[in-house]
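Work through the exercises below with the sequence and the 3D structure in view. Each task is followed by a solution in steps.

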Amino acid sequence: MKRDFFHLGLVMVVLPLVLVPAASGCSRSRKAAKQEAVQAVQVTPVTAEALTRLIRQTQASVVAVNVWATWCAPCAEEFPQLVWFQKQYRDVGVKFFFVSTDFESNLPAVREFLTRQKAQGPAYLKAGPDDEFVRALSPSWSGAIPATFVFDSKGILRHFHEGKMSEKQLSDMILDVLKDPVSS
Amino acid sequence: MKRLLFAAVVFFSAMTVTAYADLSLGDPLPNNAAGVKMKNVDGRMVSINDTKGENGTLVIFSCNHCPWTNAWKHRIAFNGNWALGKGIGVLMINSNDPSQFPEDDFDGNVQRAKDTAIQFPYVVDSASKVARVFGAKKTPEFFLFDDEGKLVYKGVLDDNADDQNAVKRRYVEEAVKAVISGQPVATPETRSIGCSIKYRDE
C-alpha cells in the first residue's frame with residue numbers, strides 16, 4: 001500500500017515534467033502555423049474609386065461585393081454561405097470581393113476571420129471617407145452592414161441587398177446576373 | 001430577353017425602394033413619431049415634441065453595442081450638449097432590440113448617459129416605431145429639423161469615426177450653425193457605414 005503511494009507520487013512528479021514541455025512545444029508549433037496562415041491572407045486597403053475601378057476591370061461575368069466587419073454579428077452569420085458560393089461559382093465566372101469596414105487597428109482580426117472562414121481573395125479594407133464609399137457602391141445604400149452588391153461584366157450594379165441574406169436571396173441575385181451578364 | 005430585362009428592372013427597383021424608403025430632406029417632423037413617449041434614463045417619459053428647441057431639433061439614433069457609436073460616443077455627447085446650448089432640442093434614441101444586444105437595454109442607456117455626461121435625454125424606442133417612421137437603418141445617424149420642423153440635415157456626425165484628430169468635416173456642427181443663422185445647410189445629406197438597427201417586433 002505504501003509502495004503504491006510512492007509510485008503514485010513518483011508518477012505525479014515525473015508526469016508533468018514529461019508532459020508539460022511536450023504540450024507547450026506542440027502548442028507553440030500549432031500557434032506558429034496558425035500565425036503563418038493568418039499572415040497569408042492579403043488584405044488590401046481600397047478607396048471607393050479604386051474599388052469601382054477594380055470591379056470594372058475584373059474579367060468576370062459577375063462580381064459580388066460583400067461589405068462586412070469582424071464585429072458585425074449578422075455579417076459573420078452569413079459569411080460561410082458567401083464563401084461556399086465563392087467556391088461553387090468560381091469556375092463559371094463569378095468573383096467575390098470581401099471588403100471589411102473594420103478600423104485599421106483591427107486588421108489582425110480581419111485576417112484571422114478570413115483565414116478561419118477559408119475565404120479566397122481578394123480581400124480589402126475600406127479606406128477613405130465613408131460618404132464617398134457608400135455612394136460609390138449604391139446611392140440607395142444607407143451604409144448599414146452587412147451589404148452585398150452584385151455587378152455585371154460591365155461593372156454595372158444590378159442587385160443590392162442591405163442586411164443579412166438568405167441563401168436564396170444571394171443565389172437569386174447572382175444567378176439573375178449570370179444569365180445575362182452584359183447589361184444593355 | 002426583353003422580358004427578362006424588364007423583370008430584372010422591376011426586381012431591382014422594388015429592392016431599392018424597400019431598402020431605403022425613409023424621411024427625405026424638406027419633410028416635416030413626422031407626426032406619428034413625434035408624439036411617441038419613450039423612457040428616458042431618468043425614468044421620465046419623453047417624446048420628440050417634448051424636446052423641440054426654439055431654433056430646431058436634433059434627433060440622434062444611437063445605441064450602446066456598436067463599434068461606430070462607441071468610437072463616436074464622446075463626440076456625440078459633446079456635439080449634443082453644444083447644440084442644446086444653441087437653442088436646439090436634442091433627443092437620442094435607442095431603437096435596437098436588446099434581446100439581440102443585451103447592452104442596448106434601459107440599463108445600458110443609463111450607463112452610456114453617465115459615461116458620456118450627456119445633458120439631453122437618451123430614450124428607449126420600445127417598439128422601434130420611431131426608427132421605422134424615420135426610416136433610420138443604422139447607428140449612429142442624425143436628423144436635424146429647423147425651427148419650422150423641416151428636415152434640413154440627415155447623416156453622420158463627422159467624416160472620420162476612427163480618428164477624431166483626422167476629422168475634416170463636422171457635418172452636424174456645420175448644419176446646426178447654418179440653421180441658427182438661417183442659412184441653407186451646405187452638405188444636407190451624408191452617408192456612412194454603421195451598425196444596422198435591429199428593430200423590435202411590432
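**Exercise 1.** Determine in which sense strand S6 (residues 147-152) of chain A and S7(A) pair, and over how many bridges.

Solution. In this predicted model, the two strands run antiparallel and are joined by five bridges. Next, follow the chain through the turn: S6(A) and S7(A) make a hairpin, with four residues between them. Within that turn, A:Gly155 has a positive phi of about 80°. Finally, check how covered strand S7 (residues 157-162) of chain A is: six of its six residues are buried.

**Exercise 2.** Classify the angle between helix H2 (residues 48-57) of chain A and helix H5 (residues 130-137) of chain A.

Solution. The axes of these helices come within 8 Å and cross at roughly 25°. Angles under 35 degrees count as roughly parallel, so H2(A) is roughly parallel to H5(A). Then list the residues that meet: H2(A) brings A:Ala48, A:Leu51 and A:Thr52, while H5(A) brings A:Glu132, A:Phe133 and A:Ala136. Sorted by class, this contact has four nonpolar residues, one polar and one charged.

**Exercise 3.** Work out which elements of chain B supply at least two residues each to the side that touches chain A.

Solution. First, take the totals: the contact between the chains draws 20 residues from chain B and 22 residues from chain A. On the chain B side, helix H1 (2-19) and strand S9 (194-196) each supply at least two residues. H1(B) gives the largest share, six residues. By class, this side of chain B consists of 10 nonpolar, five polar and five charged residues.

**Exercise 4.** Find the sense in which strand S5 (residues 144-145) of chain A pairs with S9(B).

Solution. The two strands pair in the parallel sense, over two bridges. To locate the pairing, look at A:Ala144, which stands opposite B:Gly194 in S9(B).

How values were computed
Residues numbered from 1 in each chain as written. Chains lettered and ligands numbered in written order. Predicted model: local features only at pLDDT ≥ 70, side-chain atom pairs only at ≥ 80, totals over all residues. Axes fitted to C-alpha atoms, helices over the stretch in contact; angles between N-to-C directions. Parallel < 35°, antiparallel > 145°, perpendicular 65-115°, else oblique. Contact = placed C-beta atoms within 7 Å. Nonpolar A, V, L, I, M, F, W, Y, C, P; charged D, E, K, R; others polar. Pairing = 2+ DSSP bridges. Buried ≥ 20, exposed ≤ 12 C-beta atoms within 10 Å, placed from the backbone.
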